[in-house]
Amino acid sequence: MNLSAEMLIQLIILLPLVAAIGVMLSHRHANIREAISLVIATSVFILVCLLYQQIINAQTGIVTWTTILPGLSISFKTEALSVLFALIASFLWIVTTLYAIGYMRSHKEQNQTRFFTFFAISIAAVMAIAFSENLFTLFIFYEVLTLATYPLVTHAGTEKAKQGGRTYLRILLGTSIVFFLPALIGTWAIAGNLSFTAGGVFPDEASPLLLAILLVMFIFGIGKAAMMPFHLWLPSAMVAPTPVSALLHAVAVVKAGVFTLMKTVVFIFGMDTVGELVTTDFLLYLTAFTILASSLIAMRQDNLKARLAYSTISQLAYVSLGVLLATEAGLIGSSMHIAMHAFGKITLFFCAGAILVVTHKTEISQMAGLGRKMPITMIAFLIASLSIIGLPPTGGSWSKYYLLLGTLETQHWVLMVVLMISSLLNIAYLLPIPIRGFFPGKKVATEAVHTPEKIQEAPLPALIAISITTLGCLVLFFYPQPLFELAKMVGVV
Amino acid sequence: MLEHLPILQVIVPLLAAPACLLLNKPKLAWLFACFAAVISLLISVALLNQVQQSGVISYMLGGWEAPWGIEYRIDQLSAYVLLIVSAIGTIVLFAANTGISQEIDEDKQSIFYVLYLLCMAGLLGIVATGDIFNVFVFLEISSLATYALVAFGRDRRALLAAYQYLIVGTIGASFLLMGIGLLYSLTGTLNMQDVANRLPLVSESATVYTAFVFMIVGVALKLALFPLHLWLPNTYTYAPSIVTAFLAATATKVAIYLLIRLHFSIFGDDFGGGVIQTIFIALGLTSIFVASMVAIKQPNIKRLFAYSSVAQIGYMIVGIGIGTSLGLQATLLHLFNHALMKGALFLALAAVVYRIGSTDRACFNGLAKHMPWTMAAVVVAGLSLIGVPLTVGFISKWYLVLASFQNGLWTVGLLIVIGSLIAVYYVWTLVESAYFGKADAALTSGSSPVKEAPLSLLIPLWLLVIANVYFGIDTRLPLEASASAASFLMGGEL
């Protein structure tokens with residue numbers, strides 16, 4: 001196979017669309033429909049791996065689809081961060097499809113064809129975001145992703161789902177139109193160029209004050225990164241079916257947010273510029289506030305998915321913080337954290353969904369003693385929690401290590417302390433769930449004696465998916481080199 | 001033959017109108033009207049081509065030399081607007097046969113086509129002529145035809161709306177006429193170019209300012225500039241839907257053309273020392289916000305989009321007010337783009353009226369299930385109205401915001417963007433009720449459930465919808481035409 005990078009990029013973006021059409025056409029035959037999803041998901045992943053080989057050998061490619069206005073084109077390019085994001089998203093697409101098959105069928109969800117169709121379209125949008133050559137292209141597919149995920153969020157069709165979906169659209173579209181688009185136009189007005197360029201696009205004589213304002217507008221405008229105070233869409237999007245929450249709101253959508261943020265900071269502003277802007281410190285402390293505040297809110301949530309949602313907000317702020325530190329260590333930490341958090345959080349969501357399907361329980365307080373009924377799920381939950389917290393032997397320890405290193409290098413002592421406290425908070429809101437699962441209090445234990453429970457795990461495809469991602473958390477601890485290689489290449493001029 | 005194109009552009013629909021009356025069979029009249037419209041579309045394409053290749057075309061009516069005879073003058077700007085008017089007029093006419101069948105009695109239908117063609121001829125005439133009194137004549141032709149067209153509406157309130165429009169339109173025309181009279185008394189000529197040449201000699205006199213103000217107010221009434229817009233919502237709401245689509249896409253555009261012509265070609269863009277620019281920006285922004293806010297609350301969707309038209313006119317006025325070549329280009333682009341989106345939206349409403357007979361908000365609940373193609377068209381045109389990338393709406397807003405940024409008007413740019421946010425809201429509520437609302441029991445059950453609109457409506461509708469997307473991606477045609485028109489106008493030559 002000797003496909004050029006240009007060819008690969010286009011295939012990677014278009015194949016999910018082919019999957020969407022295939023899924024629509026085969027709506028009468030559920031098995032064929034799911035086979036199409038799986039086969040195409042796997043081939044996309046293989047194609048991204050080929051791209052990985054190329055970029056390691058320093059081969060890159062660029063394609064332009066169309067030029068809308070002079071200087072505004074829809075183009076795609078390979079770059080280390082793009083490949084990193086695409087690798088994670090495409091791999092987890094396979095796993096999530098597997099999981100969704102088990103979940104959707106045993107949960108007897110309606111409109112499964114619509115579900116898998118929009119799922120594939122969303123992935124196409126994510127791939128287009130990943131390989132965007134310029135901010136304009138990225139912006140378009142960023143909006144496409146918002147719109148394509150809306151039917152998924154409101155899948156249940158209930159009043160509550162619609163309400164959640166409305167908040168979802170309102171905040172995401174609102175921030176991107178009020179902040180992101182003007183910031184994009186402002187960038188164009190100052191730099192005359194929106195291409196992602198190593199070292200930034202702004203001319204040296206650009207007013208630092210203007211750039212500082214633009215940076216703030218970008219950070220708030222990229223609502224998918226869920227920086228406070230524009231984070232509320234994330235908890236309200238949790239009305240979606242669990243596979244959606246898992247892939248889109250632990251991986252694709254939110255990671256598209258922090259990915260956009262990284263691209264903007266590194267390739268539009270340039271790390272050196274960001275380090276000098278007056279608003280950078282304000283934004284750093286805002287991320288610190290987001291980290292702590294959402295962890296505290298997470299502790300008070302009894303609904304498992306809501307707790308995970310707030311935990312996501314907190315972890316996304318880690319990534320934003322790493323980028324805004326504007327050092328190499330911070331950048332490596334952020335890039336790695338995109339991957340590590342993706343594996344950890346998707347596992348947690350998978351577990352939440354498995355618990356829901358088997359026991360119909362959504363509240364944490366009902367889950368005591370669940371470890372006897374669903375041991376594999378609960379062990380997976382434990383390992384994934386460790387990864388989110390950042391303890392060995394899980395992948396999360398690497399990214400947190402580099403993020404801490406970044407705060408040390410830049411002598412942001414307060415931020416370092418915040419990261420430490422946050423890890424403690426993570427322990428406080430995640431670990432009690434598996435612990436109480438295996439060692440319920442006395443009261444619950446006596447009840448359990450009266451009604452001895454048999455082991456009853458989630459449907460097999462879902463269980464396989466959970467095992468794969470859990471293994472991923474562990475493997476990434478012992479074998480993080482491929483990701484590390486990519487992370488090191490990000491932003492190298 | 002080719003050198004007579006400028007006059008043929010106007011004469012073809014003008015003469016086809018009485019011919020329609022003679023045919024006196026609705027179907028035949030429609031076919032003939034379509035034929036005439038297509039010919040005038042082809043002429044406008046040829047004219048645009050000719051102008052872009054060999055510059056301004058000057059045509060002396062009856063061979064009488066210019067300041068004495070009437071001159072038809074096609075420059076980049078008029079060729080561009082001619083194309084918009086004839087193209088949209090033609091596409092809407094394609095849909096007319098089905099579109100009016102439910103709204104207008106059969107015996108009046110041939111008259112409808114007569115009036116339609118007269119209106120179109122009037123609008124084309126305003127744009128093609130180089131004689132300022134001729135402008136007034138064509139303005140009256142088109143206006144009189146419009147009053148009658150509006151009165152065709154099935155609702156009795158259409159009569160009142162037509163009457164209201166008649167009064168306001170006549171006042172506007174009178175202002176314009178007085179302005180023309182004052183100019184004539186000062187310069188002794190009616191030829192636009194001649195007037196423009198002689199005005200500097202008499203400038204700074206109070207009479208010139210009075211003439212200027214009279215003419216601007218007259219045109220502002222016609223184009224429904226806030227706060228002179230009150231006739232528009234009623235007219236658009238109660239006129240037959242096809243008429244609304246035609247008027248929204250062409251009549252206000254021609255009025256904007258007239259404003260640009262007066263402001264830039266006759267008086268010169270620096271006339272009045274920049275005061276008028278500030279007024280334009282202020283009025284434009286106010287109309288964006290006020291009309292958009294009012295639009296949100298409208299229970300009738302046709303009226304909602306009528307108010308949205310007032311807001312969109314505000315964008316065009318802001319572009320003129322910015323006063324640079326880029327700002328003017330933004331206005332010209334929006335002229336083209338707004339014609340496409342509003343044409344599509346009102347045609348979609350025509351399809352809804354055809355099937356349901358009403359455009360109340362309640363009727364839209366769950367309508368997407370019954371009329372998927374019509375509602376999908378509303379979504380795409382609505383996105384274009386908001387200004388989402390890959391639609392034409394984005395292109396004009398992009399230029400508008402860029403123009404204000406380049407001029408250091410940061411707040412104006414920001415306000416334009418925020419104004420679009422209101423459009424997001426009202427388009428969104430409509431889409432939401434169409435796709436997620438619970439359908440009325442009467443819609444789904446009953447003797448005949450609502451069906452998708454017939455193809456004869458859907459094809460013209462989707463022609464416009466596809467144009468909305470096509471010109472949002474392949475922007476060469478409107479971009480080049482508007483850029484050359486803008487630089488031509490700013491270049492000061494006429």
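Reply:

**A buried valine in chain B**

B:Val412 counts as buried because 23 other C-beta atoms lie within 10 Å, where 20 or more are needed for that class. The model is predicted, and this residue belongs to helix H17 of chain B, which covers residues 410-436. If neighbours within four places in sequence are set aside, the contacts of B:Val412 are with B:Ile281, B:Leu285, B:Val318 and B:Ser404. B:Ile39, by comparison, stands 373 residues away along the chain, and its C-alpha atom is separated from that of B:Val412 by 42 Å.

As for confidence, the average pLDDT of chain B is 87, and 97% of its residues score at least 70. Where pLDDT is low, the predicted coordinates should not be read in detail. For the complex, the predictor gives an ipTM of 0.71 together with a pTM of 0.81.

The contact between the two chains draws 18 residues from chain B and 15 residues from chain A. On the side of chain A that touches chain B, strand S1 (62-69), helix H5 (135-153) and helix H6 (159-191) of chain A each supply at least two residues, and H6(A) gives the most, with 9 residues. By residue class, this side of chain A divides into 11 nonpolar, 2 polar and 2 charged residues.

S1(A), which takes part in that contact, also pairs with strand S2 of chain A (residues 72-77), in the antiparallel sense and over 6 bridges. Within this pairing, A:Thr66 stands opposite A:Ile74 in S2(A). The two strands, S1(A) and S2(A), form a hairpin with 2 residues between them, and A:Gly71 in the turn has a positive phi of about 90°.

Chain A as a whole contains 21 helices and 2 strands. Its radius of gyration is 22 Å, which agrees with the value near 23 Å that a compact globule of 493 residues would have. Along the principal axes, the C-alpha atoms of chain A fill a box of roughly 75 × 55 × 45 Å. Buried residues account for 59% of the 493 residues in chain A. Of the contacts in chain A between residues at least 6 apart in sequence, 81% join residues at least 24 apart.

Technical notes: Residues numbered from 1 in each chain as written. Chains lettered and ligands numbered in written order. Predicted model: local features only at pLDDT ≥ 70, side-chain atom pairs only at ≥ 80, totals over all residues. Contact = placed C-beta atoms within 7 Å. Helix = DSSP H or I, 4+ residues; strand = E, 2+ residues; numbered from the N terminus. Nonpolar A, V, L, I, M, F, W, Y, C, P; charged D, E, K, R; others polar. Rg over C-alpha atoms; globule rule 2.2 N^0.38 Å. Buried ≥ 20, exposed ≤ 12 C-beta atoms within 10 Å, placed from the backbone. Pairing = 2+ DSSP bridges. pLDDT = per-residue confidence, 0-100.
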